[in-house]
Amino acid sequence: MENVTHDLANNVANKETTANHPIIIARDVHKWFGHFHALRGINMEVHKGEVVVIFGPSGSGKSTFIRTLNRLEEHQRGQIIVDGIELSHDVRNIERVRMETGMVFQSFNLFPHLTVLQNITLAPLWVRKWKKEQAEEIAMQLLERVGIPEQAHKFPGQLSGGQQQRVAIARALAMQPKIMLFDEPTSALDPEMIKEVLDVMIELARSGMTMLVVTHEMGFAKAVAHRMYFFDSGQIVESGTPDEIFTHPKEERTKLFLSQILTH
Amino acid sequence: MTTTYSKANILPPPSESSTLWGWARKNLFKTWYDTLLTFFILGVLYALIRPFIAWAIGKAQWEVVQVNFRLLMVGQYPAAETWRAWLCLYLLAGILGLSLGVWARQKPWLSAILLLSPVLLVFYPDLSSEARNRLLGLALTALLAFAFGRWRGARLGRAAVILWVLYFPAVLIIIRGGGLLENLAPAVPTSLWGGLMLTFLLTVVGILFSFPLGVLLALGRRSSLPAARWVSITYIEVIRGVPLVTILFMSSVMVPLFLPSGVRPDRVLRAMIGITLFTAAYLAENVRGGLQAIPRGQFEAAHALGLSGFHTMALIILPQALRTVIPVIMGLFIALFKDTSLVATIGLLELLGISRSILAQPQYVSFQREVYLFISLIYWIFSYGMSYASRRLETRLGVGER
Ligand SMILES: Nc1ncnc2c1ncn2[C@@H]1O[C@H](COP(=O)(O)OP(=O)(O)O)[C@@H](O)[C@H]1O
Ligand SMILES: [Mg+2]
């Protein structure tokens, strides 16, 4: 792995956004669970290479929103366009979008009956129809990249949480996605394992990957995020660069929330 | 890794007396009331078992089993074709030996004893020399396969699985004969199938066909298509609400309704259909339980990777779901093996049916105890064997561990 600054709080320069078309467009996205209005008009544009951090109180709809982006949840109003493909009931479009987006979950969701290597090669073999040697070669490169090539033949249950999450990242990357979605990737980890996962994510961010990350790791946000969105009650309350959010938050709710998570 | 504490601090667990007397004192005679209870139970057991033992070694006359041994084993299957049953046994011995060699690596002597058990029968006095040689050959085949399996080890794992999968259809073809095999092995009508062999075949067919059907029904029951869901639910609930005997009777009187008049469907086939349909409903419910135990995150991870619904099921969900329900499914198959005895009520001559027809002959009427005891023992041996194998399989596959 390349030399990563361990001081996450250090803000990094080199954060220009590419000015071409947005790779993700969400326009007035609404979502109901029964009568419960979980997403109430979300608007967001993400450009290629951007790193976006989404934060906010529990139950505010962060997970629901990023799960609408690969159609793990269906939105009921508004428009979502990923890499030029509009998400609708069209199953082929959904499968195309899912091939372009990788997702990392809070609870890893590795396949317990498959080895680490099989977890990573599964989708390339069956979805991309690669040859076994090619898929395994790329899987091994990815395991190098996340720092655990020696675990290739173990089962997920034999790894620590941090290692499992790194496998999950490698598994998502194996499909060579254009976008990576992370839903609280470090929330289920013991404190001493958070850094090893964040290091991988920082390296990924710096390599130019488009990333949407739901997280409360503010050090990570300061280090690599281009934009941050504060969610509350299914709405975007405030957005801005990390600098704007941390030093001049405009909304009371943002201030209150930040003070709560930064002071413990 | 460096440790700061010295080895001296690591103590072995306190030793427990492992002698028989030590065990007995700990478990049977620890307190005065333990002792009392132990003697009381021993007394009751003695009173219950004594007449039985006295009968078994004194009065019981086993000629009835000896004379009718062939009937009990293969029914009226033509004597000239019995070699096919032996062939199936040889294949079984080979595959079993191989599997034990590949997988049961810890206690080889235990496997060897198991595989040599046919040799014990050689000491049975009234055995024809032909049967004796065949039994010896059986043990030899098993041992050779065992040695080969041990020698080649895990590399043969996949081959062994494939052999098991192929074995059962092969048995059906060998016993049935005819078709392409007509010259080598002429067709034997199912009306001649009988005895333990028929019991096995009913079980095997039941397992082979109820398994895929049950899995399909379980998937259907969870399907998002209302039609598939309702068909599956109706099927499962109707079948589970009816006793197997009823289904067997129904299949022998109802199946003909679906066939052109004049075609007399095979009775054995009808029984096989009844057993399969019955077992599939229960299997579906077990598999459904396994499917429900799979966390939603597994579906989500698979979908997020772009796997289709079919691939998600086939590669991610079913392998995990089936693994968790192996114990229940094996239990179901053991029950199926014993329940095949119900086909005696529709006139088939499997192990129980043939026993009853033997006992119906005037010269054997008074030997009910011997015959029923003998076939009970056979049922027990195979049920226990299956249950033992399934427990081994569970530990091997790490059921319950994730
Ligand atoms: N499958 C579901 N069914 C019903 N309600 C749901 C479901 N998923 C989420 N919710 C509700 O939607 C709201 C937003 O949830 P979520 O997006 O998971 O919040 P966050 O990730 O911000 O903590 C919560 O109130 C949650 O209870
Ligand atoms: Mg969440």
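How do α9(B) and α10(B) lie relative to each other? In this predicted model, the two helices pack at an angle of about 125°, with their axes 7 Å apart. That angle falls between the cut-offs of 115 and 145 degrees, so α9(B) and α10(B) are oblique to each other. As for hand, α9(B) passes α10(B) in a left-handed crossing. On the α9(B) side, the contact is made by B:Leu213, B:Leu217, B:Gly220 and B:Arg221. Their partners in α10(B), which spans residues 226-240 of chain B, are B:Ala228, B:Arg229, B:Ser232, B:Ile233, B:Tyr235, B:Ile236 and B:Glu237. Sorted by class, the residues of this contact come out as six nonpolar, two polar and three charged.

Helix α9 of chain B, residues 195-221, also meets helix α12 of chain B, residues 267-292. Here the axes come within 6 Å and cross at roughly 45°. The contact of α9(B) with α12(B) takes in 21 nonpolar residues, along with five polar and three charged ones.

Stepping back to the domains, chain B is assigned domain 1 (78-188) and domain 2 (190-351). Their C-alpha centres sit 27 Å apart. Where the two domains touch, nine residues of domain 1 of chain B contact eight residues of domain 2 of chain B. Between them they bury about 760 Å², and 90% of that area is on carbon and sulfur atoms. On the domain 1 side, B:Leu172, B:Ile175 and B:Val188 stand out: this trio supplies 58% of the area that domain 1 buries against domain 2, more than any other three residues.

Helix α5 (residues 161-173) and helix α6 (residues 191-206) of chain A pack at about 20°, their axes 8 Å apart. With angles under 35 degrees counted as roughly parallel, α5(A) and α6(A) are therefore roughly parallel to each other. The crossing in which α5(A) passes α6(A) is right-handed. From α5(A), the residues involved are A:Gly161, A:Gly162, A:Gln163, A:Gln165, A:Arg166, A:Ile169 and A:Leu173. Across from them, α6(A) brings in A:Met193, A:Glu196, A:Val197, A:Val200, A:Met201 and A:Leu204. The contact splits into seven nonpolar, four polar and two charged residues.

How values were computed:
Residues are numbered from 1 along each chain as its sequence is written. Chains are lettered from A and ligands numbered from 1 in the order in which they are written. This is a predicted model: local features need pLDDT of at least 70, side-chain atom pairs count only at pLDDT 80 or more; totals for chains, interfaces and linings use all residues. Side-chain values use heavy atoms; hydrogens and water are left out. Axes are lines fitted to C-alpha atoms, for helices over the stretch in contact, and angles run from 0 to 180 degrees between N-to-C directions. Helices (H or I, at least four residues) and strands (E, at least two) are DSSP runs, numbered from the N terminus. Ala, Val, Leu, Ile, Met, Phe, Trp, Tyr, Cys and Pro count as nonpolar, Asp, Glu, Lys and Arg as charged, and the others, Gly among them, as polar. Domain bounds come from an automatic or database domain assignment. Contact means heavy atoms within 4.5 Å. Buried area is the accessible area (1.4 Å probe) that two parts lose on being put together, summed over both. Angles under 35 degrees count as roughly parallel, over 145 as roughly antiparallel, 65 to 115 as roughly perpendicular and the rest as oblique. A crossing is left-handed if the near helix is turned anticlockwise from the far one by less than a right angle, and right-handed if clockwise.
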